[in-house]
Amino acid sequence: MSHPVYLDCQSVRKSYGRKVVLEDCGFVVESGEVVALVGANGSGKTTLLRCLLGFSRPDTGQVRLNQHLGYCPQDNYLDRRLTVSEHFDLAAAILQRTWDVSAAWCTSLIERFQLGAHLLTLIGNLSAGTYQKVKFVTSVLHRPELLLCDEPCDGFDWAMYEMYWSLIGELRASGAAILMITHIAYERDRFGRILTLREGRVHEG
Amino acid sequence: MRADLSIAARILRLSLRELLRNRVGLALLFLIPGIFLGIVRLTAGALPVPIEVYFQNDVVRLTPPQVDVSIVFVSASVAGFLSAYFALTLFQQDFDYWRHGVFMGLRPVTLLLGRFGFFVLLAAALAVSTTLLVAQWVSLKQAMIALSGYLLISIIYGTAGAIAGSVTRDFLVAVLASALLADIDAAWLQNPVYYTAAERMDLIRWLPAYYPTQLVFSAAFDDRVNWLALRGCAAWALGLFALLLGLLHFKLRGLSGRSHR
């Protein structure tokens with residue numbers, strides 16, 4: 001039985017001037033899959049991600065993705081002058097415009113990622129690991145069907161790393177598709193598939 | 001619609017909290033007027049200074065005391081600079097956060113409503129406090145119109161600061177651009193002692209601080225409402241706001257309303 005395709009990237013090409021970064025990139029991610037996209041520094045992972053998300057327009061090719069989307073970027077984009085609680089309240093209010101954001105789910109995320117003690121802390125005063133947790137939790141507040149993460153585990157201690165994978169397993173079991181972009185895929189058996197971006201093309205394995 | 005208004009109100013409240021957590025900004029709010037007006041009070045004399053104020057069809061020549069002219073003029077410059085700084089922090093610092101918010105479903109117009117709405121309230125507070133402060137030393141002929149002048153210079157320079165903040169990601173460059181414009185225009189060329197004796201008024205009249213400072217001078221020292229200055233202020237404010245809207249639209253393009261391509 002085939003699963004619905006949540007991310008479909010077809011023949012994407014992207015160049016900057018004469019430099020071709022992506023050449024005929026194509027892959028799909030189906031519901032219930034956890035896929036790693038790996039590649040060396042400068043291989044074009046971030047460019048591909050930008051094309052997938054619509055931040056950057058590919059020269060040619062097509063991207064189709066599930067609109068119920070969560071995204072955890074690598075950049076430290078959070079507003080340093082808000083508290084964690086203010087940030088979550090605002091993020092939930094924004095997401096609630098379009099999606100169902102359950103209070104019980106948000107509370108469970110905060111508990112599981114041990115963020116309760118940091119709710120009144122200014123984001124600018126968080127440790128790197130806690131900052132990363134806030135970023136990741138933000139991307140799953142609305143239980144997305146498609147989750148794109150760029151180096152999501154940076155700064156996690158082992159307990160948090162395990163918690164992260166337990167949550168990913170839960171999302172996967174509920175039918176979500178997850179694409180994780182990373183330099184190196186540790187513990188390859190955690191992923192259903194591994195895609196490698198090399199010389200501008202996506203290769204299986 | 002109701003949800004958007006509620007989010008805009010939330011953004012407005014958060015912007016106020018951010019301001020209260022910005023210790024440097026809060027210190028500037030008191031330090032800059034204190035230093036500039038203190039220096040005026042210490043140095044300016046009571047001798048009359050001839051200045052010109054430009055109405056629709058005529059030029060009025062006035063001779064208020066130097067200290068009064070200086071207080072009114074320096075207050076306008078300070079209001080312009082402070083509002084440019086605060087608008088810059090609102091639209092430049094942590095802009096990636098708001099970009100991500102738009103990606104998550106925040107409508108750009110809601111973001112603008114909350115952020116610019118807060119800025120207008122801040123500019124109004126700045127204008128009221130500036131007018132009250134100036135009225136301690138200068139007997140303003142039309143206090144409400146003077147307040148409008150301070151409000152308009154705050155909005156015009158604030159919008160210019162927001163534009164500078166939207167153009168570059170480098171905070172120092174944006175602050176320098178705003179400070180330079182405020183210094184050349186509001187603090188130098190619009191000085192009535194300078195422009196009254198200037199040979200070429202054409203350039204000075206095309207600068208953003210010209211109409212608001214004319215509005216403030218005419219309200220402070222004359223009995224008539226300067227409609228020319230009011231119209232000029234409105235044109236500058238609307239023009240700069242439209243430019244800011246265009247820039248924000250450009251910066252946030254492609255983030256909202258994603259669809260299958």
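# A tour of chains A and B

Begin by selecting Asp202(B), which is partly exposed with a relative accessible area of 45%; here buried means under 20% relative accessible area, exposed over 50%, and partly exposed in between, with a 1.4 Å probe and protein chains only. The structure is a predicted model, in which local features need pLDDT of at least 70 and side-chain atom pairs count only at pLDDT 80 or more, while totals for chains, interfaces and linings use all residues. Residues are numbered from 1 along each chain as its sequence is written, chains are lettered from A and ligands numbered from 1 in the order in which they are written, and side-chain values use heavy atoms, with hydrogens and water left out.

The side chains of Asp202(B) and Arg200(B) meet in a salt bridge at 3.8 Å, N to O, the term standing for a side-chain nitrogen of Lys or Arg within 4 Å of a carboxyl oxygen of Asp or Glu. By this rule the count over all chains comes to 19 salt bridges.

**Within chain A**

Select Arg13(A) and Glu23(A) next, a pair joined by a salt bridge whose closest N and O atoms are 3.5 Å apart. Arg13(A) lies in strand β1 (residues 5-16) and Glu23(A) in strand β2 (residues 19-30), both of chain A, so the pair ties together parts that are ten residues apart in sequence; strands (E, at least two residues) and helices (H or I, at least four) are DSSP runs, numbered from the N terminus. Arg13(A) is partly exposed at 26%, and Glu23(A) is also partly exposed, at 27%.

**Two backbone angles**

Most residues other than glycine have a negative phi. Ser11(A), in strand β1 of chain A, has a positive phi near 50°. Glu151(A) has a positive phi of about 50° as well, and is found in the loop between β6 (146-150) and α5 (158-173) of chain A. Is each of these residues buried or partly exposed? Ser11(A) is partly exposed, at 37%, whereas Glu151(A) counts as buried, at 8%.

**Where the chains meet**

Finally, show both chains together: 32 residues of chain A are in contact (heavy atoms within 4.5 Å) with 29 residues of chain B. The buried area between them, meaning the accessible area (1.4 Å probe) that the two parts lose on being put together, summed over both, is about 3,000 Å², of which carbon and sulfur atoms give 55%. Five salt bridges are counted between chain A and chain B, and Arg97(A) and Asp4(B) form a salt bridge at 2.7 Å, N to O. On the side of chain A that touches chain B, α1 (45-53), β4 (60-65), β5 (69-72) and α2 (84-96) each supply at least two residues, and the largest share, eight residues, comes from α2(A).
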